[in-house]
Amino acid sequence: MDITRRKFIKSAAVNSAIATAVALFPGISFSAWTNKEGASGQILWEKTPCRFCGTGCGLLVGVSGDRAVAVKGDPNCSVNKGLCCVKGYHSIQALYGKDRLTKAMVRKNGKLVTVPVKEALDVIANKMQETIKKHGKDSVAMYGSGQWTIPDGYAASKLFKGCIGTNNVEANARLCMASAVVGFLTSFGKDEPMGCYDDIDHADVFITWGNNMAEMHPVLFSRMLARRKKRKDIRIIDLATRMTRSGQAADKAIIFNPQTDLAIANAICYEIVRNDRVNWDFVKKHCSFHKGKTGIGYGIEDHFKFKDKAQNSSFQEFKTFLKDYTPEKVAKISGVSAMDIKYLASVYGDPDKKVTSFWCMGMNQHTRGTWINNLVYNIHLLTGKISTPGNSPFSLTGQPSACGTVREVGTLTHKLPFGVVMKEKAREKAAKIWKVPVKNIDPKPSYHTVEMFRALDRGDIRFMWVQVTNPMVTIPNLKRYRDGAQKKDRFLVVSDVYPTPTTDVADVILPAAMWIEREGFYGNSERRTQHFEQILPAQGDSICDTWQIIEVARRMGFEKQFPWKQETYIKDIWNEYIQFHDYPAHRMAPYNLLKERSGVQWPFVNGKETKWRFNAKYDPACEQKGFDFYGKPDRKAWIWLRPYEPAAESPDREYPFWLNTGRVLEHWHTGSMTRRIPILHGSMPAAYVELNPDDAADLGIVNNSKVKITSRRGSIVMIASINGRGRPPRGMVFVPFFDEKYLINEVTLDAFCPMSKQPDYKKCAVKIERV
Amino acid sequence: MPVFSYLAHPVEGAKDKLMNEVKECDHCEVIPADNEDILIILTDTPDDDAEKKLWKKLTNLKSMRSLDMIFGHAGEDARKNIKKG
């Protein structure tokens, strides 16, 4: 054995041990391990953000020759400070699955056949033009992703909204972050968190709302645990609908009945007011009170429309409104004791404690997702615990660029990179930067995600291009939409890196360059833009998603709008894009700086990042001393009177269980990448249904037995897990959605928040049978 | 010429002691975790006999609570020896 090979084996031995340790202790680090050499000589370490969740951990990827061979946490990245989770440490293995898509395919005579990429691009452009000619511009659509890089989303928005003239651009972030967006806009008039991850280093109490951070944001959870380890008085309180690893690690776990978080938040406010724990100085100066429509529906029917109407209110009216939410009344519907509600209110109301609230899908995937976001902001606003270090209502994102691409670039039907399509000034600005006639940009939003798939089913949309996402696993009430996508005269283009149930029904498949096989940017939960270089060559014929769009745009006659050279197009797009945000509240860092650093937070003004917004001490966009909620015309944060309203579908005699769905630590979303990573797949090879042990005993179900889950929309048979990783309360089952063999979304309901249009994957009614 | 990696769990409060004891063993490298009571031990021995002796020495350290093998690159004989303990 020569020395080089021996060093490689030793490196593999240590990396395997590190990977195992990480699986056992998420967040563990081994900074003493500074291996520099590998099998084929020197390893070059290149920085990149992680490909998976919205935390935005910095990674250093070790490259030997043309292959990524190692990963370690980037100690220069303030997000993770050198830590990674099990997905991050194994992330590069997702590049090398045996069935990686490396050739373009076109369906001919019902069968997908390999074709040159140029032919596939020609087919896409021709089909799109033919469809527009026959059925109009709104018959074509783009469905993208919070895993799109910023240039991907920007190019898509420019082509569809600016050039073709349709607002049929949506992204899967509608399924995960839309309620957070509308929550921010209605409470503050500006999207994205006012705080940052540094809040973790300052808070005394962490309250997680329906957020299993131990599995979904493990590095941030590790930072919370590290904070608690340093100081004995730090507390973590987990408010959830089922017991998870987060609940087990918390100092206090409180289980509430699904949907009743609305009532609990109002009860906390009731107690804060009753005990005069209101921060009057803050509220009088910086808050105004408002109310909107109630009884707003659930969007289950096609063509559902809703528009809220804000009315001014007052503290006195708010106080009267809260009388319906005494802890005793709320205890009856929520299942949370009045004592626990009072405890939560005492924590939030304690002027000597800094409180950070974290949430993610539990609050956002909710038929009143906007409202519950508003209500948690209410708590922080009443107590003045906001926009200062450690005092932070913090909406976490699920995907690496849900913020950077979908929310900031604006790849949703109503959005533009700056502002919304309904505003003339926003359309004028976009038209000027995009070099298109302003009349090209339609002032009317078209379809949000669920309605877009309904339109595909109905035939209102005939052509859809899907990039970086897997809707044939993730859309709720899936069977209708999969059948719809396969109807005659529907044409589906899918750009992806592996075969999925979505590529199965595609008419054209484009092989995509993955992550560090191309240059790009992500934007994480804390307003941090993160650049990554192309570190590896693209595999086979695969090409970058951005370049795919450019090629198709040029074939459709939009050379003027997409003039860039292949060598510099990412930089050129960045320089064009940031013109949209060239103002103090959202100015972004220049390209060269982003290349140097492990992420830069916006607003980036006069060479300085902004950690806390709306606070003049930190935020250059503030125009008055102290706090300045400049997103709203009255320069105040809005406290909303939002009632408790029940879920779209609740358990009844025929369907007596709640169905809750979500993710697991080892797998990213639908598992199309992480299930190709042997150690992650081995750790969590198949989906399962979690049952409460007492429910299981009543039904005669034991661990690993087969269970049939049936809703009004479909059924599925899977293996039971009792007293496993999570434990639902009586009357609830939980199913993770990472496993395409078990399409749980054939069972879920396509109800959504009428304001954000985000579906609720956490609540529908099912029955459970032993098979 | 076997190469093995292990996760070593020290007895409570003995992480530093275990690290020093392992460092004194021939053919061993030790990599401590920064934030957990766990060590990675990498062994690189000239032959199966040396590997077997080293493994026994490690498992007999008083500060060692448990030693879990994670990775092994060795000839058949060495694997058998390891399995036999």
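**Strands, helices and a chain contact**

Author: In this predicted model, A:Asp261, A:Leu262, A:Ala265, A:Asn266, A:Ile268, A:Cys269 and A:Ile272 of α9(A) meet A:Trp371, A:Ile372, A:Leu375, A:Val376, A:Asn378, A:Ile379 and A:Leu382 of α15(A), contact being C-beta atoms, placed from the backbone, within 7 Å. Local features need pLDDT of at least 70, side-chain atom pairs count only at pLDDT 80 or more, and totals for chains, interfaces and linings use all residues. Residues are numbered from 1 along each chain as written, with chains lettered from A and ligands numbered from 1 in written order.

Reader: Why are α9(A) and α15(A) called roughly parallel?

Author: Their axes cross at roughly 15 degrees and come within 9 Å. Angles under 35 degrees count as roughly parallel, over 145 as roughly antiparallel, 65 to 115 as roughly perpendicular and the rest as oblique. The two helices are therefore roughly parallel.

Reader: What makes β1(B) largely enclosed by the rest of the structure?

Author: A residue is buried if 20 or more other C-beta atoms lie within 10 Å of its own, exposed if 12 or fewer, and partly exposed in between. Seven of the eight residues of β1(B) are buried, so the strand is largely enclosed.

Reader: How do you know that β1(B) pairs with β4(B)?

Author: Pairing takes at least two DSSP bridges, and these antiparallel strands have eight. B:Pro10, for instance, has B:Met64 in β4(B) as its bridge partner. Six bridges also join β1(B) to β3(B), again antiparallel, with B:Leu39 the partner of B:Ala8.

Conventions. Helix = DSSP H or I, 4+ residues; strand = E, 2+ residues; numbered from the N terminus. Axes fitted to C-alpha atoms, helices over the stretch in contact; angles between N-to-C directions. Contact = placed C-beta atoms within 7 Å.
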